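Welcome! Take a moment to look over the fold below, and then we can walk through a few of its parts together.

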Amino acid sequence: MYYYSTRDKNRDIKLTASQAILKGLAADGGLFVPSQLPTLSKSVSLELDYPTFAYETLKPFFEDDELLDELLDICKGAFNFPVELRELKDTSVLELFHGPTSAFKDFGARFLSFSMEKLLVKKGEKLCILVATSGDTGGAVASAFHKRQNLSVKVLFPKGRVAERQRRQLTCWDDNISSYEVRGSFDDCQRMVKSAFVDPELKNLSSANSINLGRLLPQMVYYVYASMLYQKRCGKKPVIIVPSGNVGNCTGAFWAKAIGAPIERIVLAVNANTTIPEYLSSGEYRPRDSVKTLANAMDVGAPSNMERLFNLFDSYEKMKENVTAYSVSDEEIKKTIKDEYAKEGYVLCPHTACAERVRLDHFNSEPTIIVSTAHPAKFETVVEPLINKTVEMPPALAKLVNMPSTFTEIGTDYKELFK
C-alpha cells in the first residue's frame, strides 16, 4: 500500500502511510490518497471491541508500513471512549461526541498524535503542527497533542467566528500548544496553513487538519462500525447523512462505502455555504469566501477535501451519481433543534440539526443514520434559548472551558506565526 498526491496524475511520487502522515500535505499542494482501496476483511467483526475493530479495518492501509506492528497499540490508546449509535423513533444517531473535547474530531486527532509521536521518537526528529480550525478541530488537536513528545502545535482560528466555549477550548493550553486568533475567516486560516507548507524556508511542518491522511483514516472506521451495527439491528443498509464543512468527515464515509461497508448512500448536509450543492446542480465548481452561520464548524466556502472526492469520482457524472448535498438555513437549524427537543426530548447541536433537517425533508421514509458531530453544550448560546433548558456540559468539557485562556491575535499573513 502506498499513497500519492491528488495532483500527481502519473503517480510519480509514492509514499508509505507513515511518510504521508508526517508530511501532511504533498509538495505539489495536493492531498494524499491510497493507491487502492482494499476490500473490507472478514476479520472486521462487531464481536471485537472498538479499538480492535479499528485495527482490523485499518490494517490493510498500513501494509508493509513501519507503524503496522504498533497499530493496535495506537488504536487502543487513541480510542479510549465510546462510539454510540443511538436509536430514536424515526432514525438512528451516530454520536461521535463522547471523546475528551466532545467532538468527532477526537477520533482523528488522537490517532494522528499517537502515530506521529511514535514515528518521531523513533527517528529522533521534531515537528511543528499547523492547524486551521472553524471550531472543533483546534480543540481536539490541542487536547490530543498536548505534551506529546517531539511535537509542537500552532492553532489558528477566525476571530469572532467560533462559539465562546469552542474558543476557550482552543486557548486553554500551555507547554507545546500555541493559539492564534486570526483577523479573518476560516478560509483565511486555511490559506495561511497551506502557504506555510509550500514556503521552502520553513522546515519540519505538518498538518493535523482533515487534509492529513492520519485524520481521515480513523474517521473512516466509525462509518464501517455504525453501518454494520445498523444492518445487524435493522437488516438494512442505511442512508448516512453527514454534516459537512471541509468535507473530511464525509470523505471518510465514502472511503468506508468503497471498501465494502454496508452503506446505501451518503448525503452531505451543509449550511448556507453552498459551494457543493451548487456544483452538483450546475457542474461548475466555484469555491468562494465562507458565510457565517449558526453551524460555525461548517462555515467553509473552499472545502479542501473536495480534491479527494474529485479523485474518487473522477467525472461530474460519477460525482452526481454518488454524492448528494442539501443546504440548511439558520432558521431551519433553529426550528429543527426546537422541534426535535419537543418531539423526542433529544438535544441537537446546530451541525447535527442540519443533518436532521435534511433527513426530515428528503429521507424521512428511508432507513437513516444522522451523524452527530458535537455535543450541544458547546453551542449553549444557540441551543438553550430554543429548548428553554440548560444543557449540562460533559465533565471533560466543563474542565476545559474553566481553564485560563491564552492566545495571540494576528492578521492573515502566515509569516506572523513564526515571528
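Is Asp-314 buried or exposed? Asp-314 has a relative accessibility of 57%, so it counts as exposed (over 50%; buried is under 20%, and partly exposed lies in between, with a 1.4 Å probe and protein chains only).

## Before we go on

This is a predicted model, in which local features need pLDDT of at least 70 and side-chain atom pairs count only at pLDDT 80 or more, while totals for chains, interfaces and linings use all residues. Residues are numbered from 1 along each chain as its sequence is written, and side-chain values use heavy atoms, leaving out hydrogens and water.

## Around Asp-314

You will find Asp-314 in the loop that links helix H11 (306–312) and helix H12 (316–322). Helices here are DSSP runs of H or I with at least four residues, strands are runs of E with at least two, and both are numbered from the N terminus. The side chain of Asp-314 makes a polar contact of 3.1 Å with the side chain of Lys-318 (a pair of N or O atoms within 3.5 Å; within protein, one must be able to donate a hydrogen and the other to accept it, and residues adjacent in sequence count only if both atoms are side-chain atoms).

## A sheet of five strands

Next, follow the open sheet, where five strands pair in parallel in the order S8-S5-S6-S7-S13; strands pair if DSSP finds at least two bridges between them. Strand S8 (205–207) and strand S13 (408–410) are the edges, each pairing on one side only. Within the sheet, strand S6 (residues 151–158) is joined to strand S7 (residues 177–182) by six bridges, and one of the bridge pairs is Pro-158 with Val-182.

Helix H4 (residues 105–123) lies across strand S5 (127–132), S6 and S8, where contact means heavy atoms within 4.5 Å. Helix H6 (residues 164–171) lies across S6 and S7.

Strand S9 (residues 239–243) pairs with S10 in the parallel sense over five bridges, and Pro-243 has Ala-269 of S10 as its bridge partner. Strand S10 (residues 265–270) is largely enclosed by the rest of the structure, because five of its six residues are buried.

## Two crossing helices

Finally, look at helix H13 (residues 330–344) and helix H14 (residues 350–362), whose axes come within 9 Å and cross at roughly 80°. Axes are lines fitted to C-alpha atoms, for helices over the stretch in contact, with angles from 0 to 180 degrees between N-to-C directions. H13 is therefore roughly perpendicular to H14 (65 to 115 degrees; under 35 is roughly parallel, over 145 roughly antiparallel and the rest oblique). Among the contact residues are Ile-333 and Ile-337 of H13 and Leu-360 of H14.
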